[in-house]
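I open my notebook and look up this structure piece by piece.

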Amino acid sequence: MICGLIFLIGVFKHISIKEMFMTSIGLAVAAIPEGLPAIVTIMLSIGVTKMAKKNAIIRKLAAVETLGSSSIICSDKTGTLTQNKMQVTETFGETAFVLELGTMCTDCVRGSDGDFSGDPTEIAIVSIAEENGINKENLYNRMERVEEIPFDSERKLMTTIHKIGDKYRIITKGAVDVLLNRCEKIYKDGEIRAIENSDKSSILSKNEIMAGKALRVLAVAYLEVEYLPSSIDSENIEQNLIFVGLIGMIDPPREGVKKAISTCKNAGIKTVMITGDHIQTAKAIAKELRNFNT
């Protein structure tokens, strides 16, 4: 009754209804502490309902309270800040051979509808290869895939092994700096020769330039051998390779991300992007999302 009376007095004195409502609730909670859990639950429920109307689903009510006091938000880049729709825009090296090796060293497959399914990065490589007249199925018919060393985030490489007549072709793709350290030779101008420090400097420089354009860059290398070791692992297979080239692809920012980051900034919330991409690629994406000019 007292809370109601105070509410009416506040309204009579032209104090906003919302402010008086919250004041009355505060007085009620202070008078009856046992009602606090119920009041908190109701207010959190109201918050959840409002967020749901804006397509933000909360599984636990307590998360609303935690979110309200957040000062830092960490977000994955690929598929969250970006669309996860990769598109190859640039290559370095002899394009046809780079794309041939790149498309063979993938796990994506063509479905009954004619579209490829699998990792977006690999779909982008296979798709651009096909646009250049290089068909993965035809390559596999000529060079059967017999072994593989799957990608893992620690070594940052993936390898497939193919049978070519009486020999085997080892194809490895992955992080430029990692793969380059495993190459002893380079394929350039149709010839294979020992890789020199000047070659490595040129490759790393090109990688920096491509990454600065917000491109995700993968290196491609290979090796042909007459026999395979008894143990198919990174130590025995991913060594003494021949460097071939680089593949650069872009993942455009997701619509609405710039506005969301701006809103967080205005609210005093720091946003942190988490990614395994090259640091220059990450910086380029961050600048674009925050509308930086430099």
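This is a predicted model: local features need pLDDT of at least 70, side-chain atom pairs count only at pLDDT 80 or more; totals for chains, interfaces and linings use all residues.

Among contacts in the chain between residues at least 6 apart in sequence, what percentage join residues at least 24 apart? I find that 66% of them do.

**Entry: the whole chain**

I looked up the secondary structure next. The chain has 13 helices and twelve strands. Then I looked up burial. Of the 294 residues in the chain, 35% are buried.

**Entry: helix α6**

I picked helix α6, which covers residues 95–104. Is α6 mostly covered or mostly exposed? I find it mostly covered, with eight of its ten residues buried. I wrote down the buried ones: F97, V98, L99, E100, L101, G102, T103 and M104.

**Entry: α6 against α7**

I recalled how such a pair is described: by the angle between the axes and the distance between the axes. Helix α7 covers residues 120–131. I looked up both values for α6 and α7. Their axes come within 9 Å and cross at roughly 135 degrees. The two helices are therefore oblique to each other. An angle would have to be over 145 degrees to count as roughly antiparallel. I also noted the hand: α6 passes α7 in a left-handed crossing.

Which residues meet there? From α6 I listed L99, G102 and T103. From α7 I listed I125, V126, I128 and A129. By class, this contact of α6 with α7 has five nonpolar residues, two polar ones and no charged ones.

**Entry: V126**

I stayed with V126, which lies in helix α7. Is V126 buried or exposed? Its relative accessibility is 1%, so V126 counts as buried. Buried means under 20% here.

I then listed what V126 touches, leaving out residues up to four places away in sequence. The list is T103, T106, C108, F116 and K136. T103 was already in my α6 entry, among the residues that meet α7. I also looked up V126 and R110. They are 16 residues apart in sequence, and their C-alpha atoms are 10.0 Å apart in space.

**Entry: G93**

I looked up G93 and found it in strand β2, residues 87–93. G93 has a relative accessible area of 43%, so I wrote it down as partly exposed. What does G93 touch, not counting residues up to four places away in sequence? The answer is V98, V244 and G245. V98 is one of the buried residues of α6. I also looked up G93 with D189. They are 96 residues apart in sequence, yet their C-alpha atoms are 8.7 Å apart in space.

D189 was my next stop. D189 sits in the loop between β8 (183–188) and β9 (191–194). Its relative accessibility is 67%, so D189 counts as exposed. Phi of D189 is near 55 degrees, a positive value in a residue other than glycine.

I looked up K156 as well. Its phi is near 60 degrees, again positive in a residue other than glycine. Where is K156? K156 is in the loop between β5 (144–152) and β6 (157–164). K156 is partly exposed, with a relative accessible area of 37%.

**Entry: N240**

I found N240 in the loop between α11 (234–237) and β11 (241–250). N240 is partly exposed, at 42% relative accessible area. Leaving aside neighbours within four places in sequence, N240 is in contact with R182, E184 and L223. I also looked up N240 with N181. They are 59 residues apart along the chain, and 9.1 Å separates their C-alpha atoms.

Notes: Residues are numbered from 1 along each chain as its sequence is written. Side-chain values use heavy atoms; hydrogens and water are left out. Axes are lines fitted to C-alpha atoms, for helices over the stretch in contact, and angles run from 0 to 180 degrees between N-to-C directions. Helices (H or I, at least four residues) and strands (E, at least two) are DSSP runs, numbered from the N terminus. Angles under 35 degrees count as roughly parallel, over 145 as roughly antiparallel, 65 to 115 as roughly perpendicular and the rest as oblique. A crossing is left-handed if the near helix is turned anticlockwise from the far one by less than a right angle, and right-handed if clockwise. Contact means heavy atoms within 4.5 Å. Ala, Val, Leu, Ile, Met, Phe, Trp, Tyr, Cys and Pro count as nonpolar, Asp, Glu, Lys and Arg as charged, and the others, Gly among them, as polar. Buried means under 20% relative accessible area, exposed over 50%, partly exposed in between (1.4 Å probe, protein chains only).
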